[in-house]
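Reader: Can you walk me through this one? I have the sequence and the picture open.

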Amino acid sequence: MTVPERPERPEFLTDTPVPGRIWMLRGARAAISIPAFILTAAFVGYAGLARETGLTLAETLALTGLVWALPSVVVLTGALSSGMGLLPTAIAVALASVRLMPMTMALMPLIKVPGKTRNWQLLIASHFVAVTAWVYAMKHLPDLPREARLPFFVGFGCSVSSFVFCMTAIAYLLVERLPDMVAGALVLLTPVYFLCSLWGAARLNADRVAMITGLAFGPLFFIYLPGLDLLWTGLAGGTLAYIGTRIHRRGLL
Amino acid sequence: MTDVPISQTWWWPFVMILVAGWFATDVWRWLGVFAGGRLREDGELLIWVRCVATALVAGVISKLILFPQGVLAETPIWLRLAAAGFGFSAFFVARQKVLVGVLSAEAFLLCGWLALDKLG
């Protein structure tokens with residue numbers, strides 16, 4: 001009789017030290033998951049868009065691999081097809097990706113081993129910070145031993161992005177045009193996945209309140225302050241949630 | 001040498017992708033690494049940073065639902081909101097199983113969409 005293999009938590013909780021390479025492989029294996037599937041679906045939808053706007057396969061793949069954050073990818077695709085200049089495009093893309101900075105900041109204390117982890121390792125790992133991997137990391141990394149988190153995250157990020165990279169190429173080559181309903185359903189996958197998993201990743205009441213304020217402020221700032229709307233949503237919604245829950249936790253001082 | 005403007009050359013899109021795409025995006029990640037390196041895991045500052053990041057991602061969510069790109073924009077706004085709300089409720093009923101939430105929302109959207117197509 002063989003012992004059934006269980007890829008879930010239990011084996012992560014063993015006390016014996018496990019080398020980083022093994023953790024990287026475990027991260028890569030954990031990437032066979034719902035978030036990877038949903039991200040793939042989103043990029044399959046994107047491949048159709050890229051083809052319609054006239055990007056070549058090489059350009060589409062360079063964008064996917066190098067930028068690795070779907071909103072910025074979409075902005076850059078629009079800029080390439082309309083012949084926008086280098087500087088205005090860089091500014092537009094930079095505005096679309098400011099959100100990656102607070103996300104990376106929040107992740108750092110989680111994956112860093114004080115005094116041991118080198119900055120270059122963190123810089124490499126940071127390339128995989130995008131909403132999907134971030135939400136997954138915030139939810140699952142706290143369950144792992146500290147030394148395991150960085151290799152696990154890199155393994156996870158590498159394997160999700162290579163898989164998405166290949167699937168984007170296949171979709172670009174094979175899918176002429178998706179039926180309307182399929183394309184529409186693919187677009188809805190991402191926000192609903194974020195909605196559920198962001199709630200699941202919340203650890204404190206502050207996180208949950210911040211999620212609610214963000215949901216409410218997002219559309220408001222989008223209408224009244226387009227361009228920097230996400231940054232304002234984060235700063236205003238997040239600060240409000242922080243102050244509100246802090247007063248609740250500690251009183252007015 | 002021919003007088004092709006650089007924006008017409010084969011390599012120009014790749015310069016755009018490298019500078020305006022890769023650099024303009026990754027620079028925020030690098031800044032995040034340096035700024036986040038000094039945060040303490042149990043500190044108040046980190047709680048605030050996490051609130052900001054969470055609210056920001058939540059803003060992405062509501063934008064994607066209220067102002068979607070492409071064909072989804074043709075569906076009525078109430079259908080998208082109802083589908084997302086249905087999915088989120090199913091997620092709770094199923095003891096926070098993400099897959100249940102996602103599939104329920106999709107089923108709701110497609111049923112509603114088909115029904116509207118039949119009626120309209």
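Reader: Let's start with α2 and α9 in chain A. At what angle do they pack?

Author: This is a predicted model, and in it helix α2 (residues 34-53) of chain A packs against helix α9 (residues 146-174) of chain A at about 35°. Their axes are 8 Å apart.

Reader: Right-handed or left-handed crossing?

Author: α2(A) passes α9(A) in a right-handed crossing.

Reader: Which residues meet there?

Author: From α2(A) the contact takes Ala36(A), Leu39(A), Thr40(A), Phe43(A), Val44(A), Tyr46(A), Ala47(A), Ala50(A) and Arg51(A). On the α9(A) side they meet Val160(A), Phe163(A), Val164(A), Met167(A), Thr168(A), Ala171(A) and Tyr172(A).

Reader: How many of those are nonpolar, polar and charged?

Author: The contact of α2(A) with α9(A) has 13 nonpolar, 2 polar and 1 charged residues.

Reader: OK, zoom out. How many helices and strands does chain A have?

Author: Chain A has 12 helices and 0 strands.

Reader: And why call chain A as compact as a globular protein of that length?

Author: Its radius of gyration is 20 Å, close to the 18 Å that the globule rule gives for 253 residues, so chain A is as compact as a globular protein of that length. Along the principal axes, the C-alpha atoms of chain A fill a box of roughly 60 × 55 × 35 Å.

Reader: What domains is chain A divided into?

Author: Domain 1 covers 21-186 and domain 2 covers 202-253. The centres of these two domains of chain A, taken over C-alpha atoms, are separated by 25 Å.

Reader: Switching to chain B. How many residues are in contact between the chains?

Author: 76 residues of chain A are in contact with 69 residues of chain B. On the chain A side, the elements that give two or more residues include α3 (57-67), α6 (100-111) and α12 (229-250) of chain A.

Reader: Which element gives the most?

Author: That is α10(A), with 18 residues on the side of chain A that touches chain B. By class, the residues of that side are 52 nonpolar, 19 polar and 5 charged.

Reader: You mentioned α6. How does α6(A) cross α1 of chain B?

Author: The axes of α6(A) and helix α1 (residues 12-36) of chain B cross at roughly 35° and come within 7 Å. The crossing of α6(A) and α1(B) is right-handed. Among the residues in the contact are Met101(A), Thr104(A) and Met108(A) of α6(A), and Trp28(B), Arg29(B) and Leu31(B) of α1(B). The class count for α6(A) with α1(B) is 12 nonpolar, 4 polar and 1 charged residues.

Reader: Last topic, confidence. What is the mean pLDDT of chain A?

Author: The mean pLDDT of chain A is 84, and 93% of its residues reach 70 or more. In chain A, α4(A) has the lowest confidence, at a mean of 81, and α9(A) the highest, at 92. Over residues 1-11 of chain A the pLDDT is below 50, and beyond near neighbours in sequence that stretch has 2 contacts in the model.

Reader: And what about the mean for chain B?

Author: Chain B has a mean pLDDT of 87, with 97% of its residues at 70 or more. For the complex, the predictor gives an ipTM of 0.83 and a pTM of 0.78.

Methods. Residues are numbered from 1 along each chain as its sequence is written. Chains are lettered from A and ligands numbered from 1 in the order in which they are written. This is a predicted model: local features need pLDDT of at least 70, side-chain atom pairs count only at pLDDT 80 or more; totals for chains, interfaces and linings use all residues. Two residues are in contact if their C-beta atoms, placed from the backbone, lie within 7 Å. Helices (H or I, at least four residues) and strands (E, at least two) are DSSP runs, numbered from the N terminus. Ala, Val, Leu, Ile, Met, Phe, Trp, Tyr, Cys and Pro count as nonpolar, Asp, Glu, Lys and Arg as charged, and the others, Gly among them, as polar. Domain bounds come from an automatic or database domain assignment. Axes are lines fitted to C-alpha atoms, for helices over the stretch in contact, and angles run from 0 to 180 degrees between N-to-C directions. A crossing is left-handed if the near helix is turned anticlockwise from the far one by less than a right angle, and right-handed if clockwise. pLDDT is the predictor's confidence in each residue, from 0 to 100. The radius of gyration is taken over C-alpha atoms; the globule rule is 2.2 Å times the number of residues to the power 0.38.
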